[in-house]
Amino acid sequence: MERNNLPKLGCSNCKIRNISLFANGLSDSHFELFAEKKELVFKKGEKLISDGDEFKGFFCIQSGTIKIYKPINNKNDFILWFAKPGESIGIDSFFNNENYQYSASATGIVKACFFSAPKINELMQNGSVTYMRLMEYFCERIDFIEKRITSIAQKKTKSHLAELLIALRNDETADEKETNIDYSIKDLANIIGTTQNYLYKISSELIKEKIISFERKKLKILDLEKLSILAKGAK
Amino acid sequence: MHSKLKKHEAPNCENCTERGSSIFCDLHATDLNKLSEHKAYNTYKKGQSIFLEGNQPQGLFCIYSGKVKIHKFGDDGKEQIVRFARKGNVLGYRALLSGGAYFATATALEETTVCFFPKAIYMQVLLANPDLCLQTIKLLASDLKMAEHLMTNMAQKHVRERIAEALILLIEYYGLEDDNVTINTILTREDIGNMVGTTTETSIRVLSDFNKEKIIRLAGKRIGILNLEQLEKVANVSLKPNSDQKPNK
């Protein structure tokens, strides 16, 4: 975990603070406590936390995307979700009073702040992290997971893929017609819980129907409207 | 729906026998009395819905007795059970906390009595009590863990493993009857199918296989566990979900 330490940024100047757990924090003076936090950089593929390891603290992502997954014996990892800037990794294990329940690794260069376990109670007691913000955060996460449970259980893989592509599209590159997807076929197969070969087959069908395109390892949504109809389970 | 409800006099929260296992365990008498003064107390028959997915929440429900399933409906109207609840558990808190509509539907699995706390009173007590906030956060963290566990199983495990694990979850959650064999809840084959994301036919077939293999004993809708060790082996259980609504401190 001892990665390159960055010069201290300070939470009061942080650009993603208003979408993080610290969004409703009482005032900047409370952020003095954060002098002890570590600002770290991870390269692609480096692990932030490992499933089953003892809980030592949580990460708040400043930039980059992190793959959150359950390692599966003799199979590919099962991806639970992709965490983006502002999200907190591992905080649930603090409240469940247990070891980390998933692994997290960087999908590219990731900058993240690490808050050690002994400081978490202090963060709540001094009002830096409000209880309401924590509750909202967990509600959002559960909602996302429960929707995916229903999709996994009930939707055909093609509809599930369509739904996933809509959920994962990169808003920054979105225009009316075309949207980029930053994830590989392998990632998508590991999220849905199917094989890469089967996902290639389904993607090919969508490419033939001109709903998506696949060039230079990049997926693009060409027809969001048709994809949305497909995501709802329509044939 | 409400015309069918039985009305009773509500027990005071301070004297409630289930309070120790609920999120209200650490509340002071003043707050408990405030909750008691404003609450309603209703009994729902088996199959009656306590609240419906998509409706706006008016308050918080707390189960006094009985069993409840929490389920969502897919785009084609097919049911998916995401969680179960038992006495002492609260229902509908996520919609209240996130300010949106109910995420799922809650339906009584047997005659169930619930207390209902109006939104304004509950939020007033919640915001004034850091302990209650912390209990609620722990409850949400535990729900999240269970949901992630269920999702991973759905995607990775074979239907036979999933049904075996669903039975183990029911034993952990509702326990066994006095005979130490029969699971202390009655679920239809359709419910079991909707728990693990399979059809009623497959659910019937797999349970029947377990019955033939003498892992379980089927007697109508009642399911007895004859060989728990073998059931755990079939389920390939590596992690037992924490089903207690009041997580450990």
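Reader: Which helix gives the largest share of the lining of the largest cavity?

Author: Helix 4 of chain B, with five residues. This is a predicted model, where local features need pLDDT of at least 70, side-chain atom pairs count only at pLDDT 80 or more, and totals for chains, interfaces and linings use all residues. Residues are numbered from 1 along each chain as its sequence is written, chains are lettered from A and ligands numbered from 1 in the order written, and side-chain values use heavy atoms, without hydrogens and water.

Reader: What counts as a cavity, and as lining?

Author: On a 1 Å grid over the protein atoms alone, a cavity is a set of points where a 1.4 Å probe fits but cannot get out, and lining residues have an atom within 4 Å of a point.

Reader: OK, which residues are nearest the centre of the largest cavity?

Author: B:Leu150, B:Asn153, B:Ala166, B:Leu169 and B:Met195, out of 16 lining residues. Strand 6 (79-85), helix 4 (130-156), helix 5 (159-174) and helix 6 (189-196) of chain B give two or more each; helices (H or I, at least four residues) and strands (E, at least two) are DSSP runs numbered from the N terminus.

Reader: Why does the largest cavity lie between domains?

Author: Because domain 1 (2-151) and domain 2 (157-235) of chain B both give residues to its lining; the bounds come from an automatic or database domain assignment.

Notes: On a 1 Å grid over the protein atoms alone, a cavity is a set of points where a 1.4 Å probe fits but cannot get out, and a pocket is an open set with protein on both sides within 12 Å along at least five of seven lines; lining residues have an atom within 4 Å of a point.
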